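I opened this entry to keep track of what I looked up. The sequence and the structure come first.

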Amino acid sequence: MAGGRALLSGPRSWCELLLARRFGIQNEKRNVTLCSQNGRWMTENSLPKRSSQSQDQRSTLSNIAALVGAGAMGMLGLAGFAHADEAEHGLQAPSYPWSHSGWFSSYDHASIRRGHQVYKEVCAACHAMSLVTYRDLIGVAYTEAEVKALASEIEVEDGPNDAGEMFMRPGKPSDHLQAPYANEQAARAANGGAYPPDLSLICKARHNGQNYIFSLLMGYRDAPAGISVRQGLHYNPYFIGGAIAMPKVINDGQVEYDDGTPASASQIAKDVVTYLSWAAEPEADERKLIGAKWILGACIALFQAGYFKRWKWAPYKSRRIIWDVVN
């Protein structure tokens, strides 16, 4: 290899050559020969060496240009990756400061009542809540008399009677919330093949439940350039795949609240998500209260145990024993 062939000086040389052409820097090819000296492989430039100041300036400019190019390519790559990830897995929902999320926080029961109104007037046309009964709402959002009035508005099939026939009767507080469709096949037929999920446990069945549902309700927008959504679907970046069969149903003034709360789209979405969170965990307030009692009791017991330990062991730890070896 002593008279070896001419080579470029590796990736750095052709990168510098491209950058030089891009930024108008005069650059020459360097013929590099590989030679062996004292058993070590070395590179040797066939052109005269330049001054150290010129080489430093050229190296600095090349490094800056390389960093700018690498940064631009990295940003383009990240943008493409984020766009592909958004389309495949859905956009990550942000975290919102829910009033009931703290360890010692309870549900906003006025919001639960408004959320049930939103569900009854907007969501119940497609989605069922088969695990919730009317009497579950007593003391949470309505009084017992109000719940009886709500239940009496529906007709429930019951029976058989003495003649062995099924009959219809007014609803009772023990009845479950009425489903909009008789079965899954009827639901799919009415929604173009899509099956509206049951909302009883939807906040526990979806990752980042309440944040995801709120973002989904508020995330409808026009499809960006390059993304086509087939007819009958709607673009929502928070939904997996980006195309969802459910149209945008939450708009300003969609409902009229009984308590006079302004019915903006975000307020409506917040109330219905609070209601769905309660439906998924109706025992959350009681569980937090029991946990707070146990924590308080454990702290008191720990303090008493520490005091008793110091009181019992203080005489033994403070006494002094002297050995009289003379007498």
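My notes follow, from the whole chain down to single residues.

**Ground rules.** The model is predicted, so I noted that local features need pLDDT of at least 70, side-chain atom pairs count only at pLDDT 80 or more, and totals for chains, interfaces and linings use all residues. Residues are numbered from 1 along each chain as its sequence is written, and side-chain values use heavy atoms, with hydrogens and water left out.

**Confidence.** I looked up pLDDT, the predictor's confidence in each residue on a scale from 0 to 100. The protein averages 82, and 73% of the residues score at least 70. Residues 25-50 have pLDDT below 50, yet this stretch has 46 contacts in the model beyond near neighbours in sequence; a contact means heavy atoms within 4.5 Å. Over residues 79-84 the pLDDT also stays under 50, and there the model has two contacts beyond four places in sequence. Where pLDDT is low, the predicted coordinates should not be read in detail.

**Overall make-up.** I found nine helices and six strands. These are DSSP runs, numbered from the N terminus: helices are H or I with at least four residues, strands are E with at least two. Of the 327 residues, 26% are buried, where buried means under 20% relative accessible area, exposed over 50% and partly exposed in between (1.4 Å probe, protein chains only). Of the contacts with a separation of 6 or more, 60% are between residues 24 or more positions apart.

**Helices α3 and α8.** I then took α3 (residues 109-121) and α8 (residues 265-280), which pack at about 100° with their axes 7 Å apart. That makes α3 roughly perpendicular to α8, a label for angles of 65 to 115 degrees. Axes are lines fitted to C-alpha atoms over the stretch in contact, and angles run from 0 to 180 degrees between N-to-C directions. The residues that meet include Ile 112, Arg 114 and Tyr 119 in α3 and Ile 268, Asp 271 and Trp 278 in α8.

**Arg 114.** The side chains of Arg 114 and Asp 259 are joined by a polar contact of 3.0 Å. Not counting residues up to four places away in sequence, Arg 114 touches residues including Tyr 257, Thr 261 and Lys 270.

**Asp 258.** Asp 258 is exposed, at 64% relative accessible area. Asp 258 and Arg 113 lie 145 residues apart in sequence and 9.6 Å apart in space, C-alpha to C-alpha.

Definitions and conventions
Angles under 35 degrees count as roughly parallel, over 145 as roughly antiparallel, 65 to 115 as roughly perpendicular and the rest as oblique. A polar contact is a pair of N or O atoms within 3.5 Å; within protein, one must be able to donate a hydrogen and the other to accept it, and residues adjacent in sequence count only if both atoms are side-chain atoms.
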